[in-house]
Amino acid sequence: MIHDIVVIGGGPGGYATAFRAHARGLDVALVERAEIGGTCLHRGCIPSKATLHVAEVLEEVHRADVLGLKLTYDGIDGDGLEAFRRGVISGLHKGLVALTEQRTTLHRGHGRVVRDGAGAPRARGDSGLVVEVTGDDDEVTTVRGRHVVLATGSVARSIPGVEIDGEVVQTSDQALWFTTPPRRAVIVGGGAIGVEFATMWAPMGTEVTIVEALDRLLPLEDADSSKLLQRAFTRRGIDVHTGARVEAVTRDGDGATVEVSVGDDRRVLEADRVLIATGRGPRTDDTGVAELGVLDERGFVVTDAFGATELDGLWAVGDVRPTLALAHAAFAEGFVVADRIAGVEDVQPVDHVHTPRVTYSHPEVASVGLTEVEARERFGDDGVAVASVSFRGNAKGIIAGSDGTVKVVHATGGAAAAAPGVGFDPTGRAAGPVLGVHIVGPHATDLIGGATLATSWEALPVELAAITHAHPSLEEALGEAFQVAAGVPFHAH
Ligand code: FAD
């Protein structure tokens, strides 16, 4: 039997491809060697967000006096924490497995894509590729498909010379499952995963130090977002070393020492937990794709914008591609690949610039579109303007006890000047389309949804300023930032 598609990997990229292909009427086989749901459901997005929710509740408990509540906090019940997280994952997992079984032929085992050696005459449209699936019993089954989609995800990367022992020196795979928070933690890497762990541990009483090689936390975000986050972290007692290189990590009994250099300065940090959060790399080992010659020098699968490799019938989605390593980017890539294979007309590639980037730190950081620096590089200083509004003036922000800002980066002049309504801009500088939105503050990862519509539709501030938001709501901060950009500030000045 030849399936229309064989997908290798049942994480967000793989199951999104499979489910969309099923919705398009295609016959799909899915190969998964571990658990459906992948990194995201079992070792990433979901367990981390469940733990972050616990930390958020704890933050509220710590400011109970401000809220007029008399609460006492007796510490963490490790078993309860474990049960809560496992419960969240298990409910989602069961649902996902049921959907996968309904919509695909599920093969349990390790998948490897190879050229069909049988030399049998190929049916029309057959890629000539087959997937060999090795089950737990070492039995190999050959699964045939007209198309093969690689969705094998990524693995945590370490740094040269640092050995992950899994107990004291850990990656997020192990560190997530703590039931007793560490007393002193050094987090190597100030990207999304590193700052999320700092956010989890700090309210639980852990002394947290972050060591980041570049000059700021979240180096891919707008520089102002990094600055705000670092300021908020420092206020909450999280020690942040930027421009800092880890020279050595040495295990020392139940703990470890981390030697760090910042310029000529050397520092020795002691910890009972060292989290290596220096990024993730593509997982393609023993998948056959290296032999097929479709990897770049860093090991990512090379595809066109639609996810097709150079080999007829071989596609890739998700973290194996050098695009945004986020679950929703993997979903989007899966939908595009399935639609292309199904022959849907006018499929557009995933627009990664207008894909939201989200970090569930406290405060949360989210963005979409261009940073201010990217916009200025592209359109010149005169072609770009910025409008910012603080959550300090937002009623719900004040109630939530958090501050932060919404920053809107937009074009000036050009075609936008002729747009209806722009005439009332008192600055005389017509506000062109919104190019980027950068939010630091409460529920930024939810608020970015509205901003995504704005940047994707290249909306003008004047159009967005006319939209009514509920009062009081956090969304009002977004609305007010668009009003500032349109030259009609409300509370902001
Ligand atoms: P994966 O989810 O890694 O799935 C790959 C699947 O392929 C796995 O199930 C694996 O078992 C299977 N597989 C691998 N090789 C084979 C083989 N040869 N044969 C058969 N099966 C195979 N993203 C967000 O958008 N939001 C977040 O909040 C977020 N938080 C994160 C927190 C952490 C701690 C981490 C580590 C990641 C987080 N991510 C988050 C990133 C997100 O998890 C990934 O971008 C996403 O899981 C990528 O999906 P994928 O399908 O490409 O790969």
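**View 1. Proline 363 in the loop between strand 18 and strand 19.** In this predicted model, in which local features need pLDDT of at least 70, side-chain atom pairs count only at pLDDT 80 or more, and totals for chains, interfaces and linings use all residues, proline 363 is found in the loop between strand 18 (357-359) and strand 19 (364-369). Residues are numbered from 1 along each chain as its sequence is written, and side-chain values use heavy atoms, with hydrogens and water left out. Helices (H or I, at least four residues) and strands (E, at least two) are DSSP runs that are numbered from the N terminus. The peptide bond that joins histidine 362 and proline 363 is cis, with omega about 0°. Most residues other than glycine have a negative phi, and most peptide bonds are trans.

View 2. Leucine 218, in the loop between strand 10 (207-211) and helix 8 (223-235), has a phi near 40°, a positive value in a residue other than glycine. With a relative accessibility of 4%, leucine 218 counts as buried, where buried means under 20% relative accessible area, exposed means over 50%, and partly exposed lies in between (1.4 Å probe, protein chains only). Glutamate 458, in the loop between helix 12 (444-456) and helix 13, also has a positive phi, near 50°, but glutamate 458 is exposed, with a relative accessible area of 55%.

View 3. Strand 13 (residues 255-262) is largely enclosed by the rest of the structure, because seven of its eight residues are buried. Strand 12 (residues 245-252) pairs with strand 13 in the antiparallel sense over seven bridges, two strands being counted as paired if DSSP finds at least two bridges between them. Across this pairing, arginine 245 stands opposite serine 261 in strand 13. The two strands form a hairpin with two residues between them, and glycine 253 in the turn has a positive phi of about 60°. Strand 13 is also joined by seven bridges to strand 14 (residues 265-271), and these strands run antiparallel, with alanine 256 standing opposite alanine 271 in strand 14. The hairpin of strand 13 and strand 14 has two residues between the strands, and glycine 263 there takes a positive phi near 60°.

**View 4. A salt bridge between arginine 146 and aspartate 4.** A search of the whole structure finds 27 salt bridges, each defined as a side-chain nitrogen of Lys or Arg within 4 Å of a carboxyl oxygen of Asp or Glu. In one of them, arginine 146 pairs with aspartate 4, the closest N and O atoms being 3.2 Å apart. This pair links distant parts of the chain, since arginine 146 lies in strand 6 and aspartate 4 in strand 1 (residues 2-8), 142 residues apart. Arginine 146 counts as partly exposed at 27% relative accessibility, and aspartate 4 counts as partly exposed at 21%.

**View 5. A salt bridge between aspartate 339 and arginine 24.** The side chains of aspartate 339 and arginine 24 meet in a salt bridge of 2.7 Å, N to O. Aspartate 339 lies in helix 9 (residues 327-341) and arginine 24 in the loop between helix 1 (12-23) and strand 2 (28-32), so the pair ties together parts that are 315 residues apart in sequence. Aspartate 339 counts as buried at 8% relative accessibility, whereas arginine 24 is partly exposed, with a relative accessible area of 40%.

**View 6. A salt bridge between arginine 112 and glutamate 291.** The side chains of arginine 112 and glutamate 291 meet in a salt bridge (3.7 Å, N to O). Because arginine 112 lies in strand 4 (residues 110-115) and glutamate 291 in the loop between strand 16 (280-282) and strand 17 (314-316), the pair ties together parts that are 179 residues apart in sequence. Arginine 112 counts as partly exposed at 22% relative accessibility, while glutamate 291 is exposed, with a relative accessible area of 57%.
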